[in-house]
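Please read the following note with the model open beside it. It takes up the domains, a helix pair and some strand pairings in turn.

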Amino acid sequence: MTETTPGIVIMGAAGRMGRMLVQAVCDSDQARLAGAVVREGHDWVGQDVGHAMGGPAMGVIATSDPLEAMARAQGVIDFTTPETTLEIAHLAAQARAVHVIGTTGFTDAQIEKLVPASRHCTQIRAGNMSLGVNLLTGLTGMVAAALDEGWDIEVVEAHHNQKADAPSGTALMLGEAAAKARGVTLSQVADRGRDGITGARTEGHIGFSAIRGGDIVGEHDVIFAGKGERIVLRHMATDRMIFARGALRAVLWGQGRPPGQHDMIDVLGLGR
Ligand code: NAD
């Protein structure tokens, strides 16, 4: 590590993804942990993060003050809640720090509110930071473009029983890719949360179903159901570390880039 090694702050460090991110940054020789932010009143506040995680000291004291943590940082990785991410976007813009957003569950209005901050810093947001899912997104677009609307598209996702939002950010990302390939707007064709007497399926719609249970890390199927045949594209995540590694790659990729908004397709160089 050198003096130019970027310092990275982990927002929501005590969360499921936060702990993975702290570990991923500490294990990397290309980044250093510059701060770990937890909620006000959390019992990690004032403790060394390594000790709080039950391991050796990491030399970084957990704080509930993101402003203080970001004063020393070149990047912030944020897997928290939409409300927190909107606050952090402003701080990242002020600090000119690369803001990697893994948080999901934004409304369209909240996504719009991220735009002003991205005029001052590099913002990288993806509903899923894994290489496999981003490849799946590309494949979904290719298949959707090759098939006509006679093929019904359904996105089925499964996650652990603590997940707050549905459909998952990844499911929506896959739906967006399919909608874009068909030249339609997802919000106008999405069927979410069917229940009761729904009537026949509308041709051209994209359906979403969510399964919640146990400790499922994340599974996504994109089903193209035609007459007499079916194509199923599937991704299964078995280890959350794939998202943390992707986020770390993103925050390093963003160093020295001009302000603007990007996603993992840009980071991974998968093209469009
Ligand atoms: P989690 O609830 O375990 O962790 C979130 C953490 O953020 C919590 O510890 C919470 O206290 C903390 N937090 C929230 N607001 C805060 C604030 N103002 N200050 C400090 N800490 C704050 O949830 P999780 O499973 O880690 O997921 C977090 C988010 O990341 C969710 O939106 C989830 O869908 C998303 N996610 C994205 C990907 C991806 O690849 N993009 C992968 C996994 C999870």
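The points below go from the whole chain to individual contacts.

1. The model is predicted, so local features need pLDDT of at least 70 and side-chain atom pairs count only at pLDDT 80 or more, while totals for chains, interfaces and linings use all residues. Residues are numbered from 1 along each chain as its sequence is written, and side-chain values use heavy atoms, with hydrogens and water left out.

2. The domain assignment (bounds from an automatic or database assignment) gives domain 1 as 7-125 + 240-268 and domain 2 as 131-237. Their C-alpha centres lie 28 Å apart, and nine residues of domain 1 are in contact (heavy atoms within 4.5 Å) with 10 residues of domain 2.

3. Helix α6 (residues 131-146) and helix α7 (residues 169-182) have axes that come within 8 Å and cross at roughly 30 degrees, the axes being lines fitted to C-alpha atoms over the stretch in contact, with angles from 0 to 180 degrees between N-to-C directions. Helices here are DSSP runs of H or I with at least four residues, and strands are runs of E with at least two, numbered from the N terminus. The two helices, α6 and α7, are therefore roughly parallel (angles under 35 degrees). Contact residues include Val133 and Leu136 of α6 and Met173 and Leu174 of α7.

4. Strand β6 (residues 152-159) runs parallel to strand β8 (residues 206-212), joined by seven bridges; pairing requires that DSSP find at least two bridges. Within this pair, glutamate 154 stands opposite glycine 207 in β8.

5. Strand β7 (residues 190-192) also pairs with β8 in the parallel sense, over three bridges, and alanine 190 stands opposite isoleucine 206 of β8.

Notes. Parallel < 35°, antiparallel > 145°, perpendicular 65-115°, else oblique.
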